[in-house]
Amino acid sequence: MGQHASATNEVVFDNCRIPKDALMGELNQGFKVAVSELAGGRIGIGSLSLGIGLAAIDYAREYVNEREQFGQKIANFQGIQWMLADAYTDLEAARLLLMNAADKKDKGLPFGKEASMAKLFASEKANQVCYTALQLMGGAGYIKEYPLERYARDVRVASIYEGTSEIQRVIIARDLLQEIN
Ligand SMILES: Cc1cc2nc3c(=O)[nH]c(=O)nc-3n(C[C@H](O)[C@H](O)[C@H](O)COP(=O)(O)OP(=O)(O)OC[C@H]3O[C@@H](n4cnc5c(N)ncnc54)[C@H](O)[C@@H]3O)c2cc1C
């Protein structure tokens, strides 16, 4: 559907033997090794979401500042201004959540819950922002001559890969409950 510059393929290891010196972590603990890498990746996918959301809304902001209807720039309409205000506010909050998770990771502190919160919020908000940005451009947002239709396709997978939004909530809730048990 989107992100066509990034090829997606299944990788299968069936009865695959590797030399001892190529072993990562302990024998038969591969799932743990793989899963432990996901938290860092979530900061990456959250940041990717933020980037797509910002690209989309920055483009739409320029557009509404030029497009005229009813004898004036559509950016003059308060309804349009509120859509911009909400979109940029959501993305700024996403940026701060991402920075917080990255800061904890840099300092060697536990950051799994923070990474899941940041990825959940950034990917969901970026999806909403791309919807808003496309809406702000009307029909021009939907056609391929403008970049919004691509941003809207590219952002969709952000709430799915590197753990779906539902799974991020499972991780966050598990961590929250562990804190009091
Ligand atoms: C473009 C693309 C690139 C990808 N790249 C990679 C990659 O590089 N490496 C990699 O390992 N994987 C990759 N994936 C796989 C991706 O991580 C998975 O698709 C994703 O984790 C969801 O798993 P699933 O597709 O098996 O969905 P399912 O697990 O079948 O989930 C289906 C639905 O059920 C929900 N669900 C499942 N379990 C629960 C639960 N316990 N509680 C509530 N809801 C639940 C999910 O949230 C989802 O809405 C990629 C996928 C895509 C589309």
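Which residues in α3 meet which residues in α6? I began my notebook with this contact, keeping in mind that the model is predicted, that local features need pLDDT of at least 70, that side-chain atom pairs count only at pLDDT 80 or more, and that totals for chains, interfaces and linings use all residues. Residues are numbered from 1 along each chain as its sequence is written.

**Entry: α3 and α6**

I looked up the two helices and found that α3 covers residues 112-136 and α6 residues 165-180, where helices are DSSP runs of H or I of at least four residues, strands are runs of E of at least two, and both are numbered from the N terminus. From α3, I listed Gly 112, Lys 113, Ser 116, Met 117, Lys 119, Leu 120, Ser 123 and Glu 124, which meet Ser 165, Gln 168, Arg 169, Ile 171, Ile 172 and Asp 175 in α6; two residues are in contact if their C-beta atoms, placed from the backbone, lie within 7 Å. I noted that the residues of this contact divide into 4 nonpolar, 5 polar and 5 charged, with Ala, Val, Leu, Ile, Met, Phe, Trp, Tyr, Cys and Pro counted as nonpolar, Asp, Glu, Lys and Arg as charged, and the others, Gly among them, as polar.

For the geometry, I recorded an angle of about 150° and axes 9 Å apart, the axes being lines fitted to C-alpha atoms over the stretch in contact and the angle running from 0 to 180 degrees between N-to-C directions.

**Entry: the ligand shell**

I then turned to the ligand and found Gln 3, Thr 8, Val 157, Ile 160, Tyr 161, Gly 163, Thr 164, Glu 166, Ile 167 and Val 170 around it, each with its C-beta atom, placed from the backbone, within 6 Å. By class, I wrote down 5 nonpolar, 4 polar and 1 charged residues for this shell.

**Entry: the nonpolar core**

I looked up the largest nonpolar core, which has 37 residues, and noted Ala 56, Ala 118, Cys 130 and Ala 133 as those with the most contacts inside it; such a core is a set of buried Ala, Val, Leu, Ile, Met, Phe, Trp, Tyr and Cys residues joined through C-beta atoms within 7 Å. I saw that α1 (30-66), α2, α3 and α5 (148-156) each supply at least two residues of this core. Leaving aside neighbours within four places in sequence, I found Ala 56 in contact with Val 129, Cys 130, Ala 133, Leu 148 and Tyr 151.

Most residues other than glycine have a negative phi.

**Entry: Asp 106 and Val 11**

I placed Asp 106 in helix α2 (residues 78-106) and recorded Asp 106 as exposed, because the C-beta neighbours inside 10 Å number 9. I found Val 11 in the segment before α1, exposed, with 4 other C-beta atoms within 10 Å.

Terms used. Buried ≥ 20, exposed ≤ 12 C-beta atoms within 10 Å, placed from the backbone.
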